[in-house]
Amino acid sequence: MPVNIQGRSYATVAERLEGAHGEGVRPTSITSIITTWQSVGEYLLVRAEVTFADSRMFVGTAEVTRGTGRGPQSVSPIETAETSAVGRALAMAGWFGSGDGIAGAEEVRVAEGRASRAPSGGGIRVVGARRD
């Protein structure tokens with residue numbers, strides 16, 4: 001279902017991916033999952049490549065900030081980011097985390113935790129950019 005933002009209609013990424021894959025044409029039978037990670041300052045960046053039996057490969061990325069957070073992110077940051085990256089690659093393949101978006105439950109929980117710790121005032125702080 002398109003989202004209305006400032007009077008303009010935008011399709012969600014999930015809707016666009018579904019259209020790109022075609023009805024019922026999601027790949028099945030994973031043949032390999034390769035993850036790589038790198039440390040950039042206080043961030044751990046993880047890239048996951050998921051390859052299916054039909055040779056299609058999908059990529060997902062994720063990041064975590066070392067030394068922050070609670071729960072799994074603080075105890076196992078690489079594994080947490082790896083799980084999110086694989087989930088995003090699967091979403092790009094059409095295996096969505098929810099009916100209306102590509103985020104999975106783990107990503108939503110992390111985002112909610114970040115939002116609850118964000119400084120008041122509603123500002124967004126951009127700390128860097130990355131390119132794959």
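This briefing describes a sheet, the helix packed on it, a nonpolar core and the confidence of the model.

The structure is a predicted model, in which local features need pLDDT of at least 70, side-chain atom pairs count only at pLDDT 80 or more, and totals for chains, interfaces and linings use all residues. Residues are numbered from 1 along each chain as its sequence is written, and side-chain values use heavy atoms, with hydrogens and water left out. Three strands form an open antiparallel sheet in the order 3-4-5.

**Sheet**

- Helices (H or I, at least four residues) and strands (E, at least two) are DSSP runs, numbered from the N terminus; two strands pair if DSSP finds at least two bridges between them.
- Strand 3 (30–40) and strand 5 (57–65) are at the edges with a single partner strand each, so one side of each has no neighbour in the sheet.
- On average, neighbouring strands of the sheet are turned by 15 degrees against each other, direction ignored; axes are lines fitted to C-alpha atoms, for helices over the stretch in contact, and angles run from 0 to 180 degrees between N-to-C directions.
- Ten bridges pair strand 3 with strand 4 (residues 43–52) in the antiparallel sense, and serine 39 stands opposite leucine 44 in strand 4.
- Strand 4 and strand 5 run antiparallel and are joined by nine bridges; tyrosine 43 stands opposite threonine 65 in strand 5.
- The hairpin of strand 4 and strand 5 has four residues between the strands, and serine 55 in the turn has a positive phi of about 75 degrees.

- Alanine 85 touches Val46, Ala48, Gly60, Thr61 and Ala62, leaving out residues up to four places away in sequence; contact means heavy atoms within 4.5 Å.
- The largest nonpolar core has 13 residues, of which Val50, Phe52, Ala81 and Ala85 touch the most other members.
- Strand 4, strand 5 and helix 3 each supply at least two residues of this core, and strand 4 gives the most, with five residues.
- A nonpolar core is a set of buried Ala, Val, Leu, Ile, Met, Phe, Trp, Tyr and Cys residues joined through side-chain atoms within 4.5 Å; buried means under 20% relative accessible area (1.4 Å probe, protein chains only).

**Confidence**

- The protein chain has a mean pLDDT of 76, and 69% of its residues reach 70 or more; pLDDT is the predictor's confidence in each residue, from 0 to 100.
- Among the chain's elements, strand 4 has the highest mean pLDDT (93) and helix 4 (residues 105–117) the lowest (67).
- Residues 121–132 have pLDDT below 50, and this stretch has seven contacts in the model beyond near neighbours in sequence.

How values were computed. Buried < 20%, exposed > 50% of the residue type's maximum accessible area, 1.4 Å probe, protein only.
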